Amino acid sequence: MSVSTRRLSKELTDIKNHGTPVGINLLSSDNFEEWFLSLEVLGETVYAGEVFCLRFRFDSQYPISSPAVQFVTDDKWKAPVHPHVYTNGHICASILGNEWSPVLSVIAVCVTLQSMLASCKKKELPPGNDRYVRHAPDNPKKTRFEYDDDTV
Amino acid sequence: MSSADEYSDDDVGYYDEDDDEMAIDDDGSASEMELDPLGDFNEGTSKKKVYEVDYESLSQAEVEKQMKGDVDYITSIFGVTPDVASLLLRHFDWNKEKLIEKYMDNTTTVSVAAGIMPPEKAPRRPAASGGRLHSSSESTKESLIGPRRSSRRIASAATKSGKSKILDRVAPPAQDEPAVCLICFDDTQTDFLSLVCDHRFCKTCWAAYIESKVKTEAESWITCMAEDCDVVATNEFVKEALAEDKQTWERFHELLVRHYVSHRPELKYCPYPGCTYTASCSITKASLATQVPIVACGNSATHKFCFGCNVDGDHRPVVCSVAKMWLQKCHDDSETANWIKSNTKECSKCQSTIEKNGGCNHMTCKKCKYEFCWVCMGPWSEHGTSWYNCNRFDEKASKDARDAQSRSRASLERYLHYYNRWANHEQSKKLSVELYAKTEKKMEEMQMTSELSWIEVQFMKKAVDEVIKCRTTLMWTYGMAYYLDSSNEKELFEDNQRDLERAVEDLSELIESPLDPEVIKTLRQKVTDRTVYVTKRNEIMLEDTARGFLEGRWKWNLPVVGLD
């Protein structure tokens, strides 16, 4: 059994046994390559009433290598309007890049993103959104983001 | 001699000293001529020519020795293990003086920043508080914090039990409690490792993690896998974790050496693919305005490159800044270069070319870690809290850019004059492979049709060598002439250029003309003479230009960075 499979089954068991944090729900985890989770910000927030969908993609090196995480954008789902989220669903967050640590998990990522949305006070697109979206690779991990803003 | 005399009529002044030089040349060896002390021609006593610089070529092993010397130096001063010394040096980009100053100033802060110990007495995880582990970590701290007063004692203690301090091989928790690695959740693991921070993970995970860092990120600064833990893996730890994976270990080692070389201003890797040599040259940035530091690595004499800029190969006699301007100009014509121009910028500190493919304007150079703003290229520190937007946009700069554009259109014609000649020599140079093949055939033919030996027909190859060398000089003289302001100096420059060009074309024609067995002897004489003459003209061109730079004789028709 590969490391990523064993690790993900463990995470799955944990979710089944202990449930997910408030506002986070597992939508699909049929295989060990791609999971979908829903994300909702509760309390006082600019995203009141909005539900988002996160897509996780894992390679065989997970959790040594970070998962590819993005918001789903299709007919049903929209990405949140946030200065760190591009309209194609790509997310600029250090935790998904150079600050990824193998001890983090799917749920830990969701919780971090949830709090990233929760601390946002004003819905704004990232600067240079159009240009980025035009040229962005399919996999957000192929983009080298710069992380500079700890406020939202 | 006869052919050379024809030329010498043009420039008696230069040729006076030449006759005895040429008399030596009995065996037709043109390149031996270069070894002759033409340096006497310069008034200096050193044999070095005015257009040459002092440098040394180092093999990989020699660089490693130098690096080890630095590590040993720090080891002996601070009384730490070589591994700790190595981390400290790496953290300070191999700046020994700065390290010593800061370390003496505040050992704890430096140790934390260099990743050799956790920020404070970090709260231990309950599972990790086994007796042996605890005490060994304690002693690590002691050796890190207090080496100043009692370095000798600590040093000896460190060597005795250095391994167990740096590298805690932790036995799995006792008895019935199963050992589960928090990363892979494999409960059969027995081999656990942790850094001084006591974050324990199984050896398999460590190995996979280090391999991914080393191989996919080319990173040698390997922090602990735990979240927000900044403790860094020592060399010994990496070696231990990688165990049988020799390939990754070697790559890791190579990354360390690369890190060292890239942070020593006097060292530069040979840019030729697969070459492992390093050149050591202590030229200052200021002297790049007057000197062209062309160096060759010990691996092969063809591995010539400029120590001052990223242009590979020889760009003498033109100094780096002008050469760079010229290349930039030439490249602007091609689509690829247009793309580079519109999509990339250079780090204003280390000149690495950077493409921005997403994210915000806060850039951090991957190579030198310089932080700057993509919009105004100024240092990021001046931007304060205006995170994404640069309001420092310079109106004047944009206007200047527009003006420059219209000027360049008007002067396109003038540019093409120089460019075509540049490109022509470049093209001829590119055909050199064919020319060498053709010449070799000719040499074989000569051997068969005359009584000359293989050694004796080498004059042909030497002539080709010389032609190619001179074409490089000629190429760059066109680049330089483009930027020279009209003056008497420029006319003299162009006279020298014309003489060299004529000599090169004559020789070139001669070596490419069909062979007539009847006159091989005469041909040999002619080629040999002309090779000598061409060598001489090249010397004059290079030397006079280099001298001009030293004397500040060249006047430019537009401002050149670093030359004013």
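In chain B, helix α19(B) passes helix α20(B) in a left-handed crossing; left-handed here says that the near helix is turned anticlockwise from the far one by less than a right angle. Helices are DSSP runs of H or I with at least four residues, strands are runs of E with at least two, and both are numbered from the N terminus. This is a predicted model, where local features need pLDDT of at least 70 and side-chain atom pairs count only at pLDDT 80 or more, while totals for chains, interfaces and linings use all residues. Residues are numbered from 1 along each chain as its sequence is written, and chains are lettered from A in the order in which they are written.

Back to that helix pair. The axes of α19(B) (residues 458–483) and α20(B) (residues 488–512) come within 10 Å and cross at roughly 150°. Axes are lines fitted to C-alpha atoms, for helices over the stretch in contact, with angles from 0 to 180 degrees between N-to-C directions. The two helices are therefore roughly antiparallel, a label for angles over 145 degrees. Among the residues making the contact are Val467(B) and Leu474(B) of α19(B), plus Leu500(B) and Val504(B) of α20(B). Contact asks for C-beta atoms, placed from the backbone, within 7 Å.

As for the rest of chain B, its secondary structure comes to 21 helices and 12 strands. Buried residues make up 31% of its 564 residues, where buried stands for 20 or more other C-beta atoms within 10 Å of a residue's own.

Now over to chain A, which has an open sheet of 4 strands in the order β1-β2-β3-β4, with antiparallel pairing. Two strands pair if DSSP finds at least two bridges between them. The edge strands, β1(A) and β4(A), each pair on one side only. Here are two of the pairings:

| Strands | Bridges | Residues opposite each other |
|---|---|---|
| β1(A) (24–28) and β2(A) (34–40) | 4 bridges | Leu26(A) and Leu37(A) |

A hairpin through 5 residues joins β1(A) to β2(A). Helix α2(A) (residues 106–118) lies across β1, β2, β3 and β4 of chain A, and runs at about 35° to β2(A).

Technical notes:
Angles under 35 degrees count as roughly parallel, over 145 as roughly antiparallel, 65 to 115 as roughly perpendicular and the rest as oblique. Two residues are in contact if their C-beta atoms, placed from the backbone, lie within 7 Å. A residue is buried if 20 or more other C-beta atoms lie within 10 Å of its own, exposed if 12 or fewer, and partly exposed in between; C-beta atoms are placed from the backbone.
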